[in-house]
Amino acid sequence: MIWVEMAAAVTVPGTLTLRAAVDELAIDVTGPGGHGASPHETFDTILAAARIVEALQSIVAREISPLDSAVVTIGSIQGGSAFNIIPTRVRMTGTARSFTQSTWAALPDGGPMPSIQTGSTGAVVSSLQTL
């Protein structure tokens, strides 16, 4: 584990990177919504969000070299307000961290997201923001 508590102004001889770059993410998944008794008549934004979370994890596992280091975390998911309604919007927030420029470029800041948007759910990622 590389996590060293030291002041930002401290320099360490050599090429060891001690701090990761960090981006805060906000992802909105939108669809028409619908009733839970008729999921076949709408696009399931909850299912789409779940697929996106899974796909984000595969970026680290399959798009980043095992010799490099990256972390993508979805820390919050909000969607819906009733037990039997498919919501029109699901918002996810999280973070992406990396140590190198090339790894940072491969993380979700608009790059890989179009290829993992929603699969067959029909919902769309209406926004991806790097905050």
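This is a predicted model: local features need pLDDT of at least 70, side-chain atom pairs count only at pLDDT 80 or more; totals for chains, interfaces and linings use all residues.
Residues are numbered from 1 along each chain as its sequence is written, and side-chain values use heavy atoms, with hydrogens and water left out. Local features need pLDDT of at least 70 and side-chain atom pairs count only at pLDDT 80 or more, while totals for chains, interfaces and linings use all residues.

Colleague: What share of the residues of the protein chain count as buried?

Modeller: Buried means under 20% relative accessible area, exposed over 50%, and partly exposed in between (1.4 Å probe, protein chains only). The protein chain has 131 residues, and the share that count as buried is 31%.

Colleague: How many salt bridges does a search of the whole structure find?

Modeller: A salt bridge is a side-chain nitrogen of Lys or Arg within 4 Å of a carboxyl oxygen of Asp or Glu. Asp28 forms one with Arg89, with the closest N and O atoms 3.2 Å apart. Arg91 forms one with Asp28, at 2.7 Å between the closest N and O atoms. For the whole structure, the search finds two.

Colleague: Which strands hold Arg91 and Asp28?

Modeller: Arg91 and Asp28 form a salt bridge. The pair ties together parts that are 63 residues apart in sequence, because Arg91 lies in strand β5 and Asp28 in strand β1.

Colleague: Is Asp28 buried or exposed?

Modeller: Asp28, Arg89 and Arg91 are linked in a network of salt bridges. Arg89 is partly exposed at 42% relative accessibility, and Arg91 is partly exposed at 23%. Asp28 has a relative accessible area of 8%, so Asp28 counts as buried.

Colleague: Which residues is Thr103 in contact with, leaving aside its neighbours within four places in sequence?

Modeller: Thr103 is in helix α2 (residues 101–106) and counts as buried, at 4% relative accessibility. Contact means heavy atoms within 4.5 Å. By that criterion the partners of Thr103 are Ile64, Asp68, Ser69, Ala70 and Ser98.

Colleague: What distance separates the C-alpha atoms of Thr103 and Val60?

Modeller: Along the chain, Thr103 and Val60 are 43 residues apart. Their C-alpha atoms are separated by 9.4 Å.

Key. Helices (H or I, at least four residues) and strands (E, at least two) are DSSP runs, numbered from the N terminus.
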